[in-house]
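Work through the exercises below with the coordinates open. Each task is followed by a solution in steps.

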Amino acid sequence: MASDSSQASGGGRVAGKAGGATDGVQRWFAPGTHITIRGLSKRFGDAQVYDNFDLDIPHGKVTSVFGPNGCGKSTLINMIAGILPFDSGEILFEGKTARETRIGYVFQNYREAVFPWMKAIDNIRYPLQYLGLDKGEREARMDRLMEAFDVKLDLSRYPYQMSGGQQQLVSIMRALVVEPEVLFLDEPFSALDYEMVMFLRDRLQKVLVERGVTTLLVSHDLDEAVLLADHVLLLTKRPTRVADNLRFDAPRPRTAATTVTPEFIELKSEALEIFQREVRR
Ligand SMILES: Nc1ncnc2c1ncn2[C@@H]1O[C@H](COP(=O)(O)OP(=O)(O)OP(=O)(O)O)[C@@H](O)[C@H]1O
């Protein structure tokens, strides 16, 4: 399978379109790139997690982040999402900052993410109030989302009346209702039952592909990382670098049946080989 080094490493800036940063500075990014990371450094105490790290993340694609335990997968997506400060470097979204970009984030721990005092439907609707939309547009967004997910669930229930998978469904829908330009998913399906995982993967893929949302997914499950990805970003041990960035072009929607195709098996074994090499290093 193709190794996509153009997306994996830094290099100089390539002239794309002018960015929209509010500080008036014109910034440039490579065509097809949504997120440009340059010279990123982050340390926790004595541990240098990132040191002058460069990465280009493609527009409208799903990038899975996979790597050794503790290499900094969550740290990376949290820095990109603007919820964790970094020591130095620059992260720009087509020339804009995270604050100027519409972002959705789904946490692993849905129990802490959903608001227990709100019904499911109100949880999902919650972020719309901050977008300055009129009532008609807010309702239209809710309708589009309901249609896309085709949820059979009673959304007038409170989170405590729902299963873990149903609560995670609510938190995924809440992240998507704002129609984000970029979606971050940190281990969104771990600890959910398999039937729910299949449902969520299916609906999520549908929405992401239809809307062309740039997505970053952290997963500890290599099957899942490959299954959902257009690009599998493989990280090294700390200080973390890009080990490789593999493209996976299998048609969508991808289902359990995709995992037995020769192209899936080939890409997964290539990713595993790189991962094992990095773990042994
Ligand atoms: N707030 C923090 N304070 C101190 N150290 C931290 C903090 N957050 C993360 N770290 C450390 O930084 C490193 C990277 O953490 P991170 O959670 O990003 O890794 P990860 O690849 O997502 O881990 P895992 O595979 O275990 O999910 C780890 O060694 C972790 O212990």
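Helices, of at least four residues, and strands, of at least two, are DSSP runs numbered from the N terminus. The model is predicted.

**Exercise 1.** Find the helix and strand content of residues 35-262.

Solution. The UniProt annotation "domain: ABC transporter", from an unreviewed entry, covers residues 35-262. Over this range the chain is 32% helix and 25% strand. The end C-alpha atoms of the range lie 31 Å apart.

**Exercise 2.** Determine which elements supply the shell around the ligand.

Solution. List the shell: Phe44, Ala47, Val49, Asn69, Gly70, Cys71, Gly72, Lys73, Ser74 and Thr75. By class, 4 are nonpolar, 5 polar and 1 charged. Strand S2 (47-58) and helix H2 (73-81) each give at least two residues. The largest share, 3 residues, is from H2.

**Exercise 3.** Decide how the buried residues of helix H9 are arranged around its axis.

Solution. The buried residues of H9 are Leu267, Lys268, Ala271, Ile274 and Phe275. Seen down the axis, they fall within an arc of 130 degrees, so they line one face of the helix. They pack against S3 (62-66), H8 (222-228), S8 (231-235) and S9 (242-247). The face turned away carries exposed residues, including Pro262, Glu266 and Arg280.

Terms used. Residues numbered from 1 in each chain as written. Predicted model: local features only at pLDDT ≥ 70, side-chain atom pairs only at ≥ 80, totals over all residues. Near = placed C-beta within 6 Å. Nonpolar A, V, L, I, M, F, W, Y, C, P; charged D, E, K, R; others polar. UniProt positions renumbered as here; feature names shortened; annotations may be inferred. Buried ≥ 20, exposed ≤ 12 C-beta atoms within 10 Å, placed from the backbone. Arc of directions from axis to C-beta. Contact = placed C-beta atoms within 7 Å.
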